[in-house]
Amino acid sequence: MGPTTDGEKPENGSDRGGIGAVEAVSTAVAEIAGLPESRGPLRRLCCDLARRVKLLGPLFDELRDGGDGSGGGGGGGSLGEFQARALASLHGALVEAKDLLVSVDDGSRLSQIELVHAQFQRAKGKIDPPDLQLLKDLNWALCEKHCDPIVLKRISEKLQLTTINDMKKESVALHEMVISSGGEPEECLEEMSSLLRKLKDCVIVENPTSDTFENKTSSVKHRSPIIPDDFRCPISLELMTDPVIVSTGQTYERSCIQKWIDGGHKTCPKTQQNLSHTALTPNFVLKSLIAQWCDANGIELPKKQGNCRDKKPGSHSDCDFPGINSLLQKLKNGNQDEQRAAAGELRLLAKRNADNRVCIAEAGAIPFLVELLSSPDPRTQEHAVTALLNLSINDSNKGHIVNARAIPRIVGVLQNGSMETRENAAATLFSLSVVDENKVTIGAAGAIPALINLLCQGSLRGKKDAATALFNLCIYQGNKVKAVKAGIVEHLMRLLADPSGGMMDEALAILAILAGNSDGKIAIALSEPIPVLVEVMRSGSPRNRENAAAVLWSLCTGDVQQLRAAREFGAEEALKELTETGTDRAKRKAGSLLELMHQTLEA
């Protein structure tokens, strides 16, 4: 049978629908069969479901292989319209079964126990009996402040939460549940977080050498361990002591985000999204993981920054004033070796806690550290810029650093220093750029081309520091123009085209800011970004899909050529899906772009 023309009905339409339905069902069965065996408290139920689905495989494989569309042979092609609809319904059920199995494997084991317990209480029919010992152990662990380690070990083994990596995965799952609750978690989630902390302590005691965090003290002898990015506050870059979650799902140090909110800001500092509410939810699991990391690396957990902001010099009980003054004398009058050693000591002291940052600044160290940024010794230069980075965490110190005319010298280090020094210089500029007026000063000092170079040449950490600084600087319109003229769009598109490079989030976030500027819009359009943007809208993370839609909206507004290109590359289908499954902002952008596409191209 030849191809049909518009409006002509195929003679064998139900046959072709049968072939497609059988193929879809067979594929779904194969995907479920390929899933790893479920673990945790729902293992028996999930394995039983997967086993039953697998038994259907040979049947549908035979139907698919026999379906030639000729109407004979008993294959999928011989199915009628009713059978095709039934298979389509079965396919939907199989897709939901697959999603269920994946969610059970990736989700919180503790929440699964809560769910199963509730189902047992409601169940009227006879089902497999619950693990009464596990329920008894869980109730005991939740009620007792100091639980028997034997009980905790038994829970860990039954839930297969036996390593630090297991704990981290469980922490992420609970974190996602907190976020989905709108920042106001139910009491049961807090109980689960409390139980997870007890299980974590048990795991560390039972197996202290098991898979631990990436930064181990054995591999770091002459330098402080690198703090994992997830443990740093995005505002202060400091190791968090009281992490809290805001309505967008981002985590910050409580004192930092509270000060941001108290200053009248209504947006999330990292994502620039509007905050739907200002409630702060404690991130108990992350706090526990930070404490464990500090113990493993021999680091004293920093005190809360809010406790020392307004103290006078004499009240800093943890500060070694004579020692700090001695270091300052070496900075001022010592030889090169003494200056290097003193700058390194101040770097470590400023990193250790908030009291030290205040004391060092009040002792007058900042101008001397700024002078050392011009030192011919690379190591001294690195110590000086990193000490300033650590000192800049304190808001008052930001002003002292800028007043000491540090920004041009920091930019000089960013341009000519060693790679590690350049990366720390980028982080320092980001920290200083939190203050709006400093964005202008940093941009005028020539930082943007140097940051773009680091975006291309640095390590992954360095690239992320550079991207974060550029994102912050480009909030100011004048810096957007500078960044576009310096060729930032070309480099961002390279990062965007490499999903394995780990920089897609940052690249899209910066492009979304630049697209709102006329020069940025032209530069992005010239880079032919639409195929990549459409692919991200199809398969990217929620945040990346949102930013891709925002960039595409800016490109297509007032540009029929871009609209046509977007439709040619399949944007319409991706946008329709985004209006149903995207974030609120993504849904708005996708809906507006679809309306614009229909009004302009179908008029």
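Trainee: What makes the crossing of H18 and H19 left-handed?
Mentor: The crossing of H18 and H19 is left-handed because that word applies when the near helix is turned anticlockwise from the far one by less than a right angle, right-handed being the clockwise case. The model is predicted, local features need pLDDT of at least 70, side-chain atom pairs count only at pLDDT 80 or more, and totals for chains, interfaces and linings use all residues. Residues are numbered from 1 along each chain as its sequence is written, and side-chain values use heavy atoms, leaving out hydrogens and water.

Trainee: At what angle do helix H18 and helix H19 pack?
Mentor: Helix H18 (residues 407-416) and helix H19 (residues 419-433) pack at about 145°, with axes 8 Å apart. Helices are DSSP runs of H or I with at least four residues, numbered from the N terminus; axes are lines fitted to C-alpha atoms over the stretch in contact, and angles run from 0 to 180 degrees between N-to-C directions.

Trainee: Why is Phe569 called partly exposed?
Mentor: Its relative accessible area is 41%, and buried means under 20%, exposed over 50%, partly exposed in between (1.4 Å probe, protein chains only), so Phe569 is partly exposed. Phe569 is found in the loop between helix H29 (560-568) and helix H30 (571-581).

Trainee: Is Cys474 buried or exposed?
Mentor: Cys474 counts as buried, because its relative accessibility is 0%.

Methods. Helix = DSSP H or I, 4+ residues; strand = E, 2+ residues; numbered from the N terminus.
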